[in-house]
Amino acid sequence: MTAPSRHCWVADGSGGGAKRPGLLVEWRQTPSGWEGRVVYGALLRPGVWGLVEEWLPAAQLTPL
């Protein structure tokens, strides 16, 4: 059996074009379309990184 999680690129929602590696762990369908629950590292403040988990529109996720 294969694991349900997949590596992906997570696009910056601000439109800056930056992408960071993430882990897609779940899909859901909403009235506005598909969303993926992802975990990725983000710069929280200068010099401090942390893990973020959130639902994002499928358009912001790209397979690795």
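Pairing first: two strands pair if DSSP finds at least two bridges between them. Strands themselves are DSSP runs (E, at least two residues), numbered from the N terminus. This is a predicted model, where local features need pLDDT of at least 70, side-chain atom pairs count only at pLDDT 80 or more, and totals for chains, interfaces and linings use all residues. Residues are numbered from 1 along each chain as its sequence is written, and side-chain values use heavy atoms, with hydrogens and water left out.

S1 and S5 are antiparallel partners over three bridges. Val10 has Leu61 of S5 as its bridge partner.

Now the whole sheet. It is open, with five strands in the order S4-S3-S2-S1-S5 and antiparallel pairing. S4 (48-57) and S5 (61-63) are the edge strands; each has a single partner strand, so one side of each lacks a neighbour in the sheet.

Next, the core. What makes up the largest nonpolar core? Eight residues: Cys8, Val10, Leu24, Val38, Tyr40, Ala42, Leu56 and Leu61. S3 gives the largest share, three residues. The term covers buried Ala, Val, Leu, Ile, Met, Phe, Trp, Tyr and Cys residues joined through side-chain atoms within 4.5 Å. Buried is under 20% relative accessible area, exposed over 50%, partly exposed in between (1.4 Å probe, protein chains only).

Last, a ring. Arg28 sits over the face of Trp55, 3.9 Å from the ring centre. The rule: NZ of Lys or CZ of Arg within 6 Å of the ring centre and within 35 degrees of the ring normal.

Conventions. Helices (H or I, at least four residues) and strands (E, at least two) are DSSP runs, numbered from the N terminus.
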